[in-house]
Structure formats: structure tokens, C-alpha cells
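Take a look at the model shown here. This report covers a sheet, an interface and some salt bridges.

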Amino acid sequence: MSRDRADAVIVGLGAAGGVLAKELTTAGLQVVALERGALMGPSELHVMDELGMTVRGGLWANANQLITRRLDRESPSVIVNSQAAGVGGATLHWAALIWRFHEEDFYTRTSTLERYGEEALPPGNLVADWPMRYGDLAPFYEQAEGELGVSGVWAHGGGNPFDAPRDRDFPLPPLLDDAASRTFREGALKLGYHPFPGPAGILSRDYTGPLGIARRGCQYCGFCRHHACIVDAKTSSLVSVIPVARATGRLDMRTGCTAMRVNVDATGTRARSVSYYDPQGALREVEAGLVFVAAGSVAETVRLLLLSTSDHHPAGLGNASNWLGKGFAGHMRPSVVALYDDRVLNSFIGPNHANDCIDDLNADHFDHTGLGFLRGGVVFQDVYGSGGPLSFSEAVPPDVPRWGSAYKAYVSRYFTRHLSIGAWLETLPHEGAFVDLDAAVRDRFGLPVARITAKRQPQDDRLLAFMLDRMMELAAATGASKSWVQVGAPLPDQHQAGGTRMGNDPEMSVTNAWGQVWDVPNVFVASASLFPSLTGLNPTLTIFALAYRQAAFVLREAAAGGSLARYL
Amino acid sequence: MTDGPTEAGGDWQTLSSLEAATLEAIAARIVPGDDLGPSAAEAGSVVYVDRALAGPYQTLRTEYQQGLAALDTAARDSYGCAFTRLGGAEQDTLLSAWETGTDAERAFFTMVRRHVLEGFFADPMYGGNQDFAGWRLVGFPGAVGAYTAAEMQSGTVLAKGYSGLQDWIARQTGKGIAPA
């Protein structure tokens with residue numbers, strides 16, 4: 001019987017998995033990719049449907065990928081959907097705001113201690129510096145931006161003055177301006193902020209780029225968030241790097257396949273295969289020279305490693321330090337809605353999330369002395385929900401009835417006269433936030449699902465209160481005739497990070513600076529689970545960049561004489 | 001009312017004739033017909049709910065059956081006739097009471113309001129928002145697929161015409177974007 005073997009097995013074909021598949025196959029490696037979801041085509045993806053996509057989560061609401069969530073150890077867990085969506089992962093339906101992290105975000109702990117002292121860090125926090133600096137990642141940010149196709153303008157041309165340094169401008173200019181963005185911008189300028197066009201993983205014009213894949217520019221259809229792009233202008237790994245991988249002929253893409261364990265050899269120091277359930281539910285095993293766990297949202301990546309127990313790894317693979325699952329952090333996403341009587345905005349048009357932003361209230365860009373909290377987040381012009389009428393039907397101010405004639409008049413007048421102000425607020429990893437297995441809830445294979453434990457801490461509540469005040473102030477400064485807090489008590493569970501943190505000390509981390517698992521050198525993690533801290537910016541470009549950097553390391557070490565050559 | 005599942009009536013897939021009539025009466029209070037446009041009932045919200053109950057919302061069939069029956073009973077108890085026979089003001093009074101009533105009443109009201117609005121504002125392919133009544137009300141052209149820079153800057157409610165997803169798909173055939 002022939003062995004089922006690959007040079008590299010990648011679990012998950014989302015952002016990171018797609019990049020790894022492309023980099024490894026183009027370098028000549030035979031790669032098997034195990035993707036739990038499906039490979040979708042135009043009939044499923046080129047769809048504009050607020051009910052199907054936004055309300056019902058058409059691209060991700062799936063009984064085969066449930067996780068649980070609870071506030072703390074004493075609270076009951078609730079079952080929720082994860083955001084995974086098949087080949088392309090969450091990049092199929094993301095809002096596509098695309099950032100390089102700030103220079104100081106790579107050493108948040110050190111800079112906080114230096115500036116504010118030990119007392120400023122909340123008790124129980126687990127914030128750590130990254131085992132790299134911005135300069136180490138910059139070339140890979142640039143590679144990602146060029147290959148994926150991103151739109152924006154650098155600081156020298158009117159972009160974000162807090163942006164990390166770039167060698168050159170964005171590959172594509174910003175997306176088109178609109179009335180809603182202008183309204184936000186005018187208010188921001190009045191308050192002394194520095195608004196700029198949101199950098200977007202969406203093509204602002206037709207683009208081919210270094211991958212040689214011709215894609216159309218954004219058509220501003222207005223069905224962006226929660227949707228796949230009808231013209232593939234919004235970058236997903238499915239329309240960018242994965243086709244390149246497939247064209248090499250060296251990618252064996254196995255969809256409907258759920259990985260359930262990374263198997264190690266008798267010494268416990270080398271992974272030898274990955275076990276998975278095939279689409280018929282039969283348990284199979286593929287031998288691997290190298291294993292990449294890129295199972296998207298933090299929860300599934302951590303879960304696979306926790307399930308990969310063995311004599312040498314009784315607490316899970318990569319858990320000798322007892323850090324597996326720890327250091328979880330997510331974003332809070334508060335929302336203010338603003339109404340206008342003096343103008344029509346039609347804010348539903350276009351990729352409603354990738355509009356003007358301000359970075360003035362993020363990270364340590366303002367003096368936190370005496371405020372009682374640290375850090376912040378990016379604030380941006382947004383719409384409520386996905387921007388369509390179904391979403392807006394729930395954006396009702398407290399003094400308007402929620403049904404009847406007055407309600408009808410309200411939605412009729414203000415759907416075209418509203419915008420939202422949103423923020424992605426950083427939370428700090430701490431002892432009370434972690435990922436583990438929920439023994440009480442099992443998937444269809446009988447395996448315990450992942451469980452996220454996280455709730456707002458006092459630091460988060462104080463930051464949130466401050467930011468809501470700033471957002472209301474900003475709404476007033478834009479000339480809104482009415483504004484209110486629509487989402488004021490968000491959970492810290494969006495844009496999840498942590499759980500397999502990177503570090504330089506094997507006692508305090510799960511992987512080294514390359515995402516290489518300390519205990520087992522031929523196993524790598526590629527996910528936001530690597531992040532030792534989060535910052536108030538969407539994480540996906542950083543996930544992409546880390547994957548490019550990891551691939552470069554792996555290919556270097558895989559060459560003759562390198563540390564990974566013996567696995568291939 | 002019987003204890004078992006009700007028989008679908010007339011053209012309805014899941015709702016009985018009385019259930020559909022009661023639900024239409026509710027829908028016409030949630031979004032009443034007036035100078036701004038048709039009611040949610042006229043726009044087909046109940047067609048949407050009926051179809052949804054045959055599909056993705058089938059686990060809610062019992063809630064609908066029990067809730068609609070209970071609301072009708074409440075109407076008879078309070079006013080001596082079926083909910084559908086009441087005037088708008090009395091219907092509003094009952095619905096308002098349910099909006100802040102017992103757990104079961106609040107849950108039912110919340111669910112029905114949500115589903116009526118879904119039927120009113122969702123793409124017409126789901127059975128509601130007929131003749132784009134919901135989208136016309138708010139000025140949302142729908143699945144037109146593209147807007148120009150001029151439209152984005154216009155500062156006016158667009159008079160662009162309306163398009164459902166299926167209309168857009170039909171227009172794409174032969175344009176190089178694969179149809180469904």
C-alpha cells in the first residue's frame with residue numbers, strides 16, 4: 001500500500017494557510033492542505049444578500065464548526081459560530097481593513113513600563129513584547145501588500161501620520177471618497193485629529209500585481225462586509241495566493257477534511273503525520289515532513305494542539321511551558337450611530353468599513369497619565385451592521401418606537417442619512433482569558449470543541465468609557481442632529497489573538513520568533529494565536545506578513561545543511 | 001385550536017389560513033400602510049415568514065403556532081373577537097402589552113417583529129419586499145452591483161431603480177462574471 005505523504009501538511013487554507021501553500025509549492029515542495037470547509041465557487045460567493053450573508057452568516061454559520069464561549073470560569077458556556085468559511089477562510093468575507101502594526105506595538109510591555117511604570121500594568125496582565133521588531137516584518141508587510149493588492153496612501157501623501165515607516169507608497173491609491181467619509185473627516189479635523197483614508201485589502205482599480213492574476217477594481221456595490229466580493233476586488237487568499245499554489249500542480253487541496261491530531265514519533269520531538277476525518281467521516285492519516293497549523297481563528301489552532309496529546313505531550317503539543325491557550329486577547333467593537341437632517345449620505349454604498357479613520361486614539365499615541373487605563377484603538381467611519389436596510393432596521397435611537405408609523409417614518413427618513421462611528425479597541429492578555437477544550441460540548445466526531453473564556457476587565461471598561469465619550473464627541477463635531485451609543489457593552493472577542501504566543505523564552509511561550517513550536521521543530525503555527533499582544537488595529541495583514549516571513553525561514557532552513565533539511 | 005400541527009391553508013406552505021391572517025394583521029401594525037408606502041403585510045412579509053417556516057426557521061413552527069393562538073385568545077378575552085377583527089388601535093394596545101409582557105409574550109413579539117422586518121427588507125427572492133416596497137421606503141437600490149463616483153457624492157436619495165440579486169445575476173450572463 002502506498003504511503004500518503006507530503007513534504008508539508010498545512011491545516012487550514014485561510015489567510016496564513018494560503019500564503020504558506022503558495023510559498024512552499026512555488027519553492028518545489030509537495031503540499032497537502034487539509035481544509036475543513038468547502039471550496040466555494042461563484043454561485044456561492046458572487047452573491048449580494050444581506051439576509052443570507054449578514055443576518056444568517058451564510059458563509060460561516062455552520063453546525064460543523066461550533067465553539068463555545070463563556071465570560072469566566074464561573075459562567076456557563078454558550079455555543080457560537082466561528083468565522084471560518086472554507087477555502088479562503090475569513091478573508092472571504094472580512095471587512096478588509098489592512099494595517100501594518102505600529103513600530104511600538106512590537107514592544108508594548110517595555111514601552112508601557114518605561115513610560116508609565118510597573119503600577120500602570122493591570123494586575124494579572126500577560127502583555128509581552130514580540131520576539132521581533134517592526135523592521136523584521138516590514139519586508140513581508142510589503143510583499144503581502146504587493147501580492148494581495150491593497151489600497152491606501154502613505155503618510156507622505158496624506159495617509160496616517162502614525163503609520164510605521166514605509167519604503168514606498170501603497171501599490172494602489174485609496175478607494176473613492178464619499179459623503180459619509182467627508183462628514184467624518186470634517187468632524188475629526190475640527191477636533192484636531194488626523195483623519196486619513198482607511199487602508200483596504202480591496203483593489204481601488206483593476207490590478208494584476210506580482211502574482212500575475214488580473215482582478216477588477218471595486219465596484220462599490222455596498223455588500224461588502226460578511227460577503228465575498230462579487231468581482232474579487234476584495235482580497236481573499238482564495239483569489240490571490242491559492243490560485244498560484246494550485247497552478248504549480250504541487251498543492252493537494254483536501255476540502256471537507258477535519259484535522260484532529262498532529263502525531264509525533266516515539267521520541268516525541270518530531271511530528272510524523274496529521275490525522276484527519278475525510279468528507280465521509282473516515283479517519284485518515286497523512287505523513288508530513290513539516291506541519292503547519294494555520295487553522296484560522298485562534299480557537300481551532302489551539303484546539304488542534306490541545307487534542308494532539310501523546311506520552312511525551314500529555315497536555316497537548318507545544319504545551320511543555322503550560323502556555324498553550326493562554327494569553328488570549330480580542331478587540332472590543334463599540335458603535336455610535338449618528339443621524340443627519342442637513343444632508344443625505346447614502347452610506348450604504350461601497351465597502352462601508354474601509355472609510356476614513358483616525359489613529360490618534362490608538363496604542364500610546366496620546367498621553368495616558370492619570371487616565372486609569374492604557375492603550376486605545378482605531379476609530380473609523382462605518383455603517384451599522386453591513387450597511388443595508390436589515391441592519392439599519394435595528395439602529396433605532398432610544399426615543400423612537402421600534403415599530404409602527406413613527407418607526408416607519410424614522411427608517412424611511414434616516415436610512416440614507418446616517419453613518420456609524422466604530423472603533424477596534426485593544427484589550428490586554430491576562431490570566432482570566434484563555435482557550436481550552438469544552439468537555440461538555442462535542443463535535444460530530446465526538447471531540448471536545450474549543451472554548452474561549454474572556455470578559456471585559458476593569459482596564460477594558462475604563463478604556464471603553466473613554467472611547468465612547470470620544471466617539472460621541474466626534475459624532476457631534478460632524479454636525480449630527482442626533483447620535484447615541486448603539487453598542488456600548490461589547491465583549492472583547494473580535495479579532496482574536498494569542499493562545500500560542502511567540503517568544504524568545506521557551507518557558508514563557510509556545511513558539512519561537514518563527515512560529516516554530518519549541519518542543520517539536522517540524523511543527524509551525526501560523527495564526528493570530530502567535531501574537532503576544534494585539535494593538536487596536538485589524539490583525540489580518542500581520543497574519544499574512546508573519547506567514548510570508550515564516551515561509552522564508554522554512555525555505556532557508558529546508559535547503560541542504562539547514563536545520564529543517566532532515567525532515568524533507 | 002388543536003394541539004397537533006395545523007394544516008397549511010390555501011396558498012400557504014406552513015401557516016393555516018387563520019395563522020396567516022393573524023400574522024398579516026400583526027405585520028400591518030409593525031409597518032403600517034400609509035402615505036410613505038405599503039404595509040409589511042402588503043409587501044409580503046408573511047409570504048416570507050411562511051416560506052422560512054418551511055425551511056431555515058422550521059424549528060420555530062411551534063412557537064408561531066402557540067404564539068399566534070395565544071394572541072388570538074388574548075384578543076377574544078380583552079375585546080370579544082379575533083385579533084384580525086380588531087381595529088388598529090386595539091391591535092397596537094395588545095401588541096404593546098406583549099412587547100413588555102411575560103417572558104413568552106416578549107419572546108414571541110420580538111421574534112415576530114424581527115421576522116416581519118426581515119420579510120420587509122430582505123431581497124425579494126425570499127418572498128417579501130414585493131415590488132421592492134421595503135427598499136423603496138428607505139431609498140436602497142439593492143443588488144445593483146455598482147455605483148459611480150457621482151452617485152457616491154450625489155447627496156441625494158438615489159432614483160436609480162431597484163434590483164434584486166436574481167435580477168443582477170440575470171444581467172451578468174455573458175459579461176464574464178459567472179452566473180449562479
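## Strands that pair

Two strands count as a pair if DSSP finds at least two bridges between them. Strand 11 and strand 12 of chain A pass that test, with two bridges in the antiparallel sense. Keep in mind that this is a predicted model.

Look for strand 12 at residues 377-382 of chain A. Within strand 12, A:Phe380 is the bridge partner of A:Cys357. Strands of a sheet pair through backbone hydrogen bonds, and the pairing can be parallel or antiparallel.

## Where chain B meets chain A

How many residues of chain B are in contact with chain A? There are 52, and they touch 42 residues of chain A. About 3900 Å² is buried between chain B and chain A. Carbon and sulfur atoms give 64% of that area.

Polar links cross the interface too. The rule finds 19 residue pairs in polar contact between chain B and chain A, both residues at pLDDT 80 or more. On the chain B side, several helices each supply at least two residues, among them helix 1 (17-30), helix 2 (45-53) and helix 4 (88-99). Helix 5 of chain B gives the most, with six residues. By type, the chain B side divides into 33 nonpolar, ten polar and nine charged residues.

## Salt bridges

Three salt bridges join chain B and chain A. In one salt bridge between these chains, the side chain of B:Asp34 meets that of A:Lys408, at 2.9 Å from N to O.

Over all chains, the count comes to 41 salt bridges. A:Arg3 and A:Glu287 form a salt bridge, with their closest N and O atoms 2.7 Å apart. A:Arg3 lies in the segment before strand 1 (5-11) of chain A, while A:Glu287 lies in strand 8 (residues 283-293) of chain A, so the pair ties together parts that are 284 residues apart in sequence.

Notes
Residues numbered from 1 in each chain as written. Chains lettered and ligands numbered in written order. Predicted model: local features only at pLDDT ≥ 70, side-chain atom pairs only at ≥ 80, totals over all residues. Heavy atoms only, no water. Helix = DSSP H or I, 4+ residues; strand = E, 2+ residues; numbered from the N terminus. Contact = heavy atoms within 4.5 Å. Buried area = accessible area lost by both parts, 1.4 Å probe. Salt bridge = Lys/Arg side-chain N within 4 Å of Asp/Glu carboxyl O. Polar contact = N/O pair within 3.5 Å; in protein donor to acceptor, adjacent residues only side chain to side chain. Nonpolar A, V, L, I, M, F, W, Y, C, P; charged D, E, K, R; others polar.
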